[in-house]
Amino acid sequence: LTCDSLPGSSFPIGSTPVSCNATDHAGNVAHASFTVTVSDTAQPTITAPPVTAEATSPNGATVTYAVSATDPVDGTIPVTCTPASGTLFGFGITNVNCNAHDAAGNTATTSFVVTVQDTTAPTITAPAAISMHSTGPRTTGARGTPTVTDIVDPNPTVTNNAPSGGFPGGTTTVTWTAK
């Protein structure tokens, strides 16, 4: 038996006819043919890791992410995701849905999360030192006002540890905190 394609041969996607001949000792020849059909039924594989981003404004953060897809037949293929990379994401967790299609029409879908958080502390500058004359065992007076800014919160909570009943004589250090 001889065939124009040997057993174990690689075949391209699609249909390939194979012809075979068999010859007996008397020289009689028989012919037969069949078709080998190779189909691409493998889905692409999407790689989409979760993303955590730091907020850059009160509205969240513009997040750029990298998602890729590969197919055993087509190699690297494009991926479409919603919301798209480069979109403004609000605070918290947002699901991103992605899909990829290979040339044979096989589809893969996946999803991942983008988390936008605010872990950057506000900046605070204490007011200038204040000097005042004592008016008794406890002296009340202005503590000044610190300068406070935050990327996300336009009005951070500001506290201090100044004594509520006034300052005793001497030097008192007032610590300001912004949250």
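Predicted model: local features only at pLDDT ≥ 70, side-chain atom pairs only at ≥ 80, totals over all residues.
Started with Val 51: its relative accessibility comes out at 18%, so I put it down as buried, the cut-off being under 20%.

Where does Val 51 sit? I found it in strand S5, which covers residues 51–54. Next I looked up what Val 51 touches, skipping residues up to four places away in sequence: Val 63, Tyr 65, Phe 112, Val 113, Val 114 and Thr 115. I also checked Val 51 against Thr 94. They are 43 residues apart in sequence, and their C-alpha atoms are 10.0 Å apart in space.

Two of those contacts, Tyr 65 and Phe 112, made me look at the rings. How many aromatic pairs are there in the whole structure? My search turned up one. The pair is Tyr 65 with Phe 112: the ring centres are 5.1 Å apart and the planes meet at 75°, so I logged it as edge-to-face. Buried or exposed? Both Tyr 65 and Phe 112 are buried.

Then I went through the largest nonpolar core. I get 20 residues in it, and the ones touching the most other members are Val 63, Tyr 65, Phe 89, Val 96, Phe 112, Val 114 and Val 116. Which elements give two or more residues to this core? I have S5, S6, strand S11 (92–101) and S12 on the list. S12 gives the most, with four residues. A reminder to myself: nonpolar side chains tend to be buried together in soluble globular proteins.

Leaving out neighbours within four places in sequence, Val 114 is in contact with Val 51, Val 63, Phe 89, Gly 92, Ile 93, Thr 94 and Val 96. That list brings me back to Val 51.

Checked the backbone too. The peptide bond from Thr 82 to Pro 83 is cis, and I read omega near -5°. Pro 83 falls in the loop between strand S9 (80–82) and strand S10 (87–89).

Last, the largest pocket. I get about 480 Å³ of space in there. I count 21 lining residues, and nearest the centre are Ile 130, Ser 131, Met 132, Phe 167 and Thr 172. What is the lining made of, by class? I have 11 nonpolar, nine polar and one charged.

Technical notes: Residues numbered from 1 in each chain as written. Heavy atoms only, no water. 1 Å grid on protein atoms, 1.4 Å probe; cavity = no way out; pocket = protein on both sides within 12 Å on 5 of 7 lines; lining within 4 Å. Points joined across faces, edges and corners; volume = space filled by probe spheres on them. Nonpolar A, V, L, I, M, F, W, Y, C, P; charged D, E, K, R; others polar. Buried < 20%, exposed > 50% of the residue type's maximum accessible area, 1.4 Å probe, protein only. Contact = heavy atoms within 4.5 Å. Phe/Tyr/Trp six-rings, centres within 6.5 Å; stacked < 30°, edge-to-face > 60°. Core = buried A, V, L, I, M, F, W, Y, C linked by side-chain atoms within 4.5 Å.
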